[in-house]
Amino acid sequence: MGGGASKKKKAVVLDDADDAALFDAAFTNKVLNACYLDTREIRQRLTSSEAKLRCDCGAYSARYGSLVFRGLYADEPTKPCQDRYGMVETNGDPWFLILDGHGPNGHACAQFCLEELPRSFEDAQGSVEEHLTQASVSTNRALHKSKVESRDSGTTCVSLLVDGGVLYCSNVGDSRCVLGRRENNSIKAIALSKDQTLYRQDERQRIEASGGRVLSIGQIEGSVPMDHIWKCDLGSEIDSDGDPPRLWRKDAYEPGTAFSRSLGDFTAQELGCSSTPEVQQHVIDASDVCCVLATDGVWEFLTSQEVIDICVSCKTPKEACYKIVAESYRRWYEREERIDDIACCVLYFDGASVASPPPSLREPGAP
């Protein structure tokens with residue numbers, strides 16, 4: 001037998017500037033066969049970021065990319081995409097935003113908030129957390145005062161602000177931000193946001209204290225007991241039941257939202273739905289590998305760990321975006337014969353290393 005060892009093929013590194021190659025690598029026959037759209041129709045529904053984007057902030061640097069897919073609704077073939085992605089700089093710091101509009105005017109609400117949030121942030125005062133909170137509340141107020149109809153329409157918003165080696169995640173709604181962090185020999189999904197839905201007991205209690213009522217469709221129809229206990233740890237698992245608890249008036253079956261915080265949604269906000277975000281912070285260190293912000297078009301059928309695993313299998317942020325969107329696309333149509341709008345942004349940290357936290361995050365007495 002021959003003694004020569006077979007040479008291992010080098011992994012192909014896709015160029016983020018080559019969208020055609022990225023598409024072909026992600027939308028395999030398995031994905032394409034899941035739905036009746038052809039490659040031309042799928043490409044027309046995709047909006048990608050520029051290639052080889054990078055942001056720097058002190059010891060922190062990252063490559064990033066984004067991809068947005070306009071959903072497929074057989075009964076509304078011309079429905080506009082209601083998801084939005086944006087990256088702006090505030091005082092030289094990168095701020096990534098992902099929004100998911102909903103309701104008949106959700107696309108206009110998402111676009112308004114994408115443009116208004118940076119203005120409201122600049123006008124805010126106090127700490128970074130206070131800036132993010134004030135920006136969200138002020139933008140919500142501005143939306144209701146604007147000509148954009150927001151009584152029964154609105155948007156979620158998850159954002160990531162990078163300031164001095166610290167990640168600040170602000171969230172209203174059920175979009176999500178997840179960090180991929182090295183632990184021993186694996187990359188674990190670490191939540192930087194927590195879905196604000198009525199699966200959470202604290203959110204249900206807040207809504208009920210504000211005058212809202214929480215019921216699932218099954219409870220309204222009588223197929224689910226009124227004392228049913230909801231158990232679904234969104235992020236580590238998906239909602240396989242498909243009948244989430246929703247927000248209603250006590251005297252009418254409206255508005256029926258499954259989220260407990262948002263921008264817009266005046267009817268729901270009369271019942272306790274809040275525009276005040278939850279803000280979490282994380283100091284970047286050498287164990288941080290990647291970060292993903294995405295709408296529920298991704299999270300509906302993919303767990304946080306599955307998405308991080310996709311990122312780990314890729315070499316560039318746009319490659320990861322294409323593969324996340326393609327897998328989300330496949331799972332949506334297999335399960336529901338429709339496809340929600342899908343938006344995601346991926347950051348890969350390059351040599352991220354913070355020797356010590358900024359003074360504001362150090363333990364008392366630490367150097």
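## Close-up views of a predicted model

**View 1. Helix 5, strand 6 (154-163) and strand 7 (166-172) each give at least two residues to the lining of the largest cavity.** Helices (H or I, at least four residues) and strands (E, at least two) are DSSP runs, numbered from the N terminus. The model is predicted, so local features need pLDDT of at least 70 and side-chain atom pairs count only at pLDDT 80 or more, while totals for chains, interfaces and linings use all residues. Residues are numbered from 1 along each chain as its sequence is written, and side-chain values use heavy atoms, with hydrogens and water left out. Searching the whole structure turns up one cavity of 30 Å³ or more. On a 1 Å grid over the protein atoms alone, a cavity is a set of points where a 1.4 Å probe fits but cannot get out, a pocket is an open set with protein on both sides within 12 Å along at least five of seven lines, and lining residues have an atom within 4 Å of a point. The volume of the largest cavity is about 60 Å³; a volume is the space filled by probe spheres set on the points, and grid points are joined across faces, edges and corners. Look for Trp95, Leu117, Leu132, Ser136, Cys157, Ser159, Ser170, Val172 and Leu263 around the largest cavity. By class, its lining has six nonpolar, three polar and no charged residues. Here Ala, Val, Leu, Ile, Met, Phe, Trp, Tyr, Cys and Pro count as nonpolar, Asp, Glu, Lys and Arg as charged, and the others, Gly among them, as polar.

**View 2. Helix 4 (residues 106-123) crosses helix 5 (residues 128-145) at roughly 135°.** Their axes come within 8 Å. Axes are lines fitted to C-alpha atoms, for helices over the stretch in contact, and angles run from 0 to 180 degrees between N-to-C directions. The angle therefore makes helix 4 oblique to helix 5; angles under 35 degrees count as roughly parallel, over 145 as roughly antiparallel, 65 to 115 as roughly perpendicular and the rest as oblique. On the helix 4 side, the contact (heavy atoms within 4.5 Å) includes Phe112, Leu117 and Phe121. Helix 5 brings residues including Leu132, Ala135 and Leu143 to meet helix 4. Nine nonpolar, five polar and one charged residues make up this contact.

**View 3. Helix 10 (residues 304-312) packs on helix 11 at an angle of about 140°.** The axes of helix 10 and helix 11 lie 9 Å apart, and the angle makes helix 10 oblique to helix 11. Their crossing is right-handed. In helix 10, Glu306, Val307, Ile310 and Cys311 meet Ala320, Lys323, Ile324, Glu327 and Arg331 of helix 11. The contact holds five nonpolar, no polar and four charged residues.

**View 4. Helix 1 (residues 19-26) also packs on helix 11, at an angle of about 40°.** These axes are 9 Å apart, and helix 1 is oblique to helix 11. Helix 1 passes helix 11 in a right-handed crossing. Asp19, Leu22, Phe23, Ala25 and Ala26 of helix 1 meet Lys318, Glu319, Tyr322, Lys323 and Ala326 of helix 11. Six nonpolar, no polar and four charged residues form the contact.

View 5. Of its 45 lining residues, Asp174, Arg246, Ala258, Asp296 and Glu300 are the closest to the centre. Strand 5 (93-102), strand 12 (255-257), helix 8 (266-269), helix 9 (296-299) and helix 11 (317-336) give two or more residues to the lining. That lining divides into 14 nonpolar, 11 polar and 20 charged residues. While you are looking at strand 12, find proline 255, which lies in it. A cis peptide bond, with omega about 0°, joins glutamate 254 to proline 255.

**View 6. The second largest pocket has a volume of about 300 Å³.** Its lining has 18 residues, with Lys194, Asp195, Asp233, Leu234 and Gly235 nearest the centre. Strand 8 (176-183) and strand 9 (186-191) give two or more residues each, and strand 9 gives the most, with three. The lining of the second largest pocket has seven nonpolar, six polar and five charged residues. In the loop between strand 8 and strand 9 you will find asparagine 184. Asparagine 184 has a positive phi of about 60°, although it is not a glycine.

Conventions: Left-handed = near helix turned anticlockwise from the far one by under 90°.
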